Amino acid sequence: KSADAQCQKAVQLINKHKYSEALVILDAILKRQPEHRLANRSKPVALFHMGRQHEAAKLFHQLHEQDQEDLVILKHCGVAYTAVGDFDMAIRFLSRYVKSKPNDIDAWTSLSAAAGKSQKYVDAMIPAITASRAWAR
């Protein structure tokens, strides 16, 4: 099977909550094709749901460094950093995300949780709220 077909199978397994099986396929793809885009984007998702949030956060951050405009990765970085307790990093990523996607309630919830836990609520929320109000006009 092609790497693309195998990767689609891995994504289907992730959607069925079969993360370990998906990870085996994704690792095999990345061993042969380290730059495979979908495999690189799917692996940290599987890791995150397997409880390996630190690894997922690191991989999401690496993906963000490769493409800083990718909003999906930006959001995943914020959620992963929230899960590992790095609230300053979570705020950094989620604040940027909600400025571009002010209607994403899940992202606002994650940002609010990270801000509350970091005790930097005003620092995190005011710029994002200001940006979303400007966007709504």
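Q: What covers the buried residues of α5?
A: The cover of these residues includes α3, α4 (53-66), α6 (87-100) and α7 (105-118). The helices are DSSP runs (H or I, at least four residues), numbered from the N terminus. The model is a predicted one, in which local features need pLDDT of at least 70, side-chain atom pairs count only at pLDDT 80 or more, and totals for chains, interfaces and linings use all residues. Residues are numbered from 1 along each chain as its sequence is written, and side-chain values use heavy atoms, with hydrogens and water left out.

Q: Which residues of α5 are buried?
A: They are Ile-73, Leu-74, Lys-75, Cys-77, Gly-78, Ala-80, Tyr-81 and Thr-82. Buried means under 20% relative accessible area, exposed means over 50%, and partly exposed lies in between (1.4 Å probe, protein chains only).

Q: Why are α3 and α5 called roughly parallel?
A: Helix α3 (residues 37-49) and helix α5 (residues 71-84) pack at about 25 degrees, with axes 12 Å apart. Angles under 35 degrees count as roughly parallel, over 145 as roughly antiparallel, 65 to 115 as roughly perpendicular and the rest as oblique. The two helices are therefore roughly parallel to each other. Arg-41, Val-45 and Phe-48 of α3 meet Val-72, Ile-73, His-76, Val-79, Ala-80 and Ala-83 of α5, contact being heavy atoms within 4.5 Å. These residues comprise seven nonpolar, one polar and one charged.

Q: Why is α2 called roughly antiparallel to α3?
A: Their axes come within 9 Å and cross at roughly 150 degrees, and so α2 is roughly antiparallel to α3. On the α2 side, the contact residues are Tyr-19, Leu-23, Leu-26, Asp-27, Ile-29 and Leu-30. On the α3 side, they are Ala-39, Asn-40, Ser-42, Lys-43, Ala-46, Leu-47 and His-49.

Q: At what angle do α5 and α7 cross, and how far apart do their axes come?
A: The axes cross at roughly 35 degrees and come within 10 Å. The contact joins Lys-75, Val-79 and Thr-82 of α5 to Asp-106, Ala-107, Ser-110 and Ala-114 of α7.

Q: What makes His-64 count as buried?
A: The relative accessibility of His-64 is 2%, and therefore this residue counts as buried. His-64 belongs to helix α4. Apart from neighbours within four places in sequence, His-64 is in contact with Ile-73, Leu-74, Cys-77, Phe-93 and Arg-96.

Q: Why does His-17 count as exposed?
A: With a relative accessibility of 59%, His-17 is placed in the exposed class. His-17 sits in the loop between α1 (3-15) and α2 (19-32). Its phi is near 65 degrees, a positive value in a residue other than glycine.

Q: Why is Lys-101 called partly exposed?
A: The relative accessible area of Lys-101 is 40%, and so the residue is partly exposed. Lys-101 lies in the loop between α6 and α7. Not counting residues up to four places away in sequence, Lys-101 touches Leu-71 and Trp-108. Lys-101 and Leu-71 are 30 residues apart in sequence, while their C-alpha atoms are 8.5 Å apart in space.

Methods: Axes are lines fitted to C-alpha atoms, for helices over the stretch in contact, and angles run from 0 to 180 degrees between N-to-C directions. Ala, Val, Leu, Ile, Met, Phe, Trp, Tyr, Cys and Pro count as nonpolar, Asp, Glu, Lys and Arg as charged, and the others, Gly among them, as polar.
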